[in-house]
Amino acid sequence: MREERIILAGFGGQGVLSLGKILCFAGMAENRNVSWLPSYGPEMRGGTANCQVIISDEPVAAPLVSQATAVLAFNEPSLVKFEAEAMEGAAILVNTSLISRKVSRSDVRAYYVPAGELAQEAGSIKATNIVMLGAYMAASNPVDRDIMLGVMKDMFASKSAKLFEVNKKALELGEQFARENA
Amino acid sequence: MAKILMKGNEAIAEAAIQAGCQAFFGYPITPQNEIPAYFAKKMPKIGRTFLQAESEVAAINMIYGAAATGTRVMTSSSSPGVSLKQEGISYIAGSRLPCVIVNIMRGGPGLGGIQPSQSDYFQATKGGGHGDYHLVVFAPATLQEMADLTKLAFDVAEEYRVPAMILGDGILGQMMEPVEFSDYTPRPKADMSWAATGNDGSKPRSVINSLYMEPSELESMTRDLFATYGIIAERETLVEEYHCEGAEIIVAAYGTVARVVKSVIAQLDKEEGAPKVGLIRPITLWPFPAETFAKAAAQDSVQSFLTVEMSMGQMVEDVQLAVNGAKPVRFFGRTGGMVPTAKEIKDEILSICKGGAR
């Protein structure tokens, strides 16, 4: 059985919750079972935001992630808080544009991605989350790449063709960086 | 129809709209705000009513009034807000009116917190307001059930002229999962001739009232109500039995906690020498599926029961009554917005197997 248990965490506004939804849409497009559970409450604005996503071949029992197969840390408090939740061999993706510390475990696969800089290279700092997605796709192949591109096209191309191009580029830069720096 | 990825709160609101809910009255409170928000966006566009009342008390009395006309109506809130509604809920039950009330529970008592909880079980199933009455209480565990049970709640409420409640928790309200909206087949429309819809003198007056000054009249009204409850218990009790065949330990849990228990059972299934564990998940909390528990208690393989809740132990009392001393009933709970983890529940199960007393 294939099951991805993903923790995505960062500041509100970094596209963390949206990225969780994109992963769910891709899982649904693959006819797999998905769940998305956000943190909620007064920490929403300007504070931390995180969500837990499960993509599984089986129906999702608990939507709460334990033994995460991947942690996407967008800021330093998120890395500190969630690195312990990763299972052995999990991918931990670190946004080095905002995080200077290293992963403190040696039993996981750490990827250090300058997601902010790569997003700017792709055309918009707002695509930071998609750079992280690209790196995660290269690290773990959680969903089929063409299906993911299809989902992104549905989401972004309906707003503008340029928006899709920027995000597609961001995905590619993230993938490439993770592959070259594994 | 394709599956839609949405929040549990939104699934309730969409299902209510599809079920023909004509009016929603409510007052904001976390973690159920997506329900009024969804209605606010959709209802005006289809010529129906969304109204943010000045308080929870006002909202429930608007429900009382609208329900008296035989209109399908809903209100929603979270724990402290549902406490405020209790007077109105008792009046609605006493006046024999159908409506659907949603409680997306958060930690209590008092203002408590905003994180998920199941500590309103007593309030939902044992009364809440004053007087001899019950609500039919549905406890969804998936977003598909949030949608389907909302539609069912409207049908059941009208069929028996009783208020029904959807009792969820903050996780179910906030999480997203794909939902299919064409799964539910509506029941035939109930007789609504009792409704107060205006009178031109051609029929007897419709009186909607919960005041009976003559004790014998009130007793007879209440006996009628309880005769209806008897029929509801017979026909409408819903329960899921999961992996119970040959189980040594039966866990009782509802809502989000039942999902965590299923994760534990999946883990234990893979482990050699692990105890065989089943789950009884009440889907209606009132009427409570007591018979299912009694039958399980009579099963030779069953050594003991474990009730797990996000509370200090409320449903466990109904489990104990149903098991009636036939087997030991233990309890594990987290409260205040804490959610029991799979590991905690697993450890609890394993400690029972080792004969560890609590």
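1. Two residues are taken to be in contact if their C-beta atoms, placed from the backbone, lie within 7 Å. On that basis, and bearing in mind that this is a predicted model, the contact between the chains takes 16 residues from chain A and 20 residues from chain B. On the side of chain A that touches chain B, the elements giving two or more residues are helix 1 (16–29) and strand 2 (33–38) of chain A, and strand 2 of chain A gives the most, with five residues. By class, this side of chain A divides into twelve nonpolar residues, three polar and one charged.

2. Within chain A, strand 1 (residues 3–11) is mostly covered, since seven of its nine residues are buried. Strand 1 of chain A is joined to strand 3 (residues 48–56) of chain A by nine bridges in the antiparallel sense, with A:Ala9 standing opposite A:Asn50 of strand 3. Strand 1 of chain A is also joined to strand 4 (residues 68–73) of chain A, here by four bridges and in the parallel sense, and A:Ile6 stands opposite A:Ala70 of strand 4.

3. In chain B, the axes of helix 1 (residues 8–18) and helix 7 (residues 143–160) come within 8 Å and cross at roughly 30 degrees. Because angles under 35 degrees count as roughly parallel, helix 1 of chain B is described as roughly parallel to helix 7 of chain B, and the crossing is right-handed. Among the residues that make this contact are B:Ala11, B:Ile12 and B:Ala15 of helix 1 of chain B and B:Leu143, B:Met146 and B:Ala147 of helix 7 of chain B. The contact of these two helices has seven nonpolar, three polar and two charged residues.

4. Chain B also holds an open sheet of five strands in the order 9-11-10-13-14, with mixed pairing. Its edge strands are strand 9 (239–242) and strand 14 (329–333) of chain B, each of which pairs on one side only, and the twist from one strand to the next averages 20 degrees. Strand 13 (residues 304–309) of chain B pairs with strand 14 of chain B in the parallel sense over five bridges, where B:Glu309 stands opposite B:Gly333 of strand 14.

5. Two helices of chain B should be read together with this sheet. Helix 10 (residues 255–270) of chain B lies across strands 9, 10, 11 and 13 of chain B and runs at about 165 degrees to strand 11. Helix 13 (residues 342–353) of chain B packs on the sheet and touches strands 10, 11, 13 and 14 of chain B, its direction making about 160 degrees with that of strand 13.

Notes. Residues are numbered from 1 along each chain as its sequence is written. Chains are lettered from A and ligands numbered from 1 in the order in which they are written. This is a predicted model: local features need pLDDT of at least 70, side-chain atom pairs count only at pLDDT 80 or more; totals for chains, interfaces and linings use all residues. Ala, Val, Leu, Ile, Met, Phe, Trp, Tyr, Cys and Pro count as nonpolar, Asp, Glu, Lys and Arg as charged, and the others, Gly among them, as polar. Axes are lines fitted to C-alpha atoms, for helices over the stretch in contact, and angles run from 0 to 180 degrees between N-to-C directions. Angles under 35 degrees count as roughly parallel, over 145 as roughly antiparallel, 65 to 115 as roughly perpendicular and the rest as oblique. A crossing is left-handed if the near helix is turned anticlockwise from the far one by less than a right angle, and right-handed if clockwise. A residue is buried if 20 or more other C-beta atoms lie within 10 Å of its own, exposed if 12 or fewer, and partly exposed in between; C-beta atoms are placed from the backbone. Two strands pair if DSSP finds at least two bridges between them.
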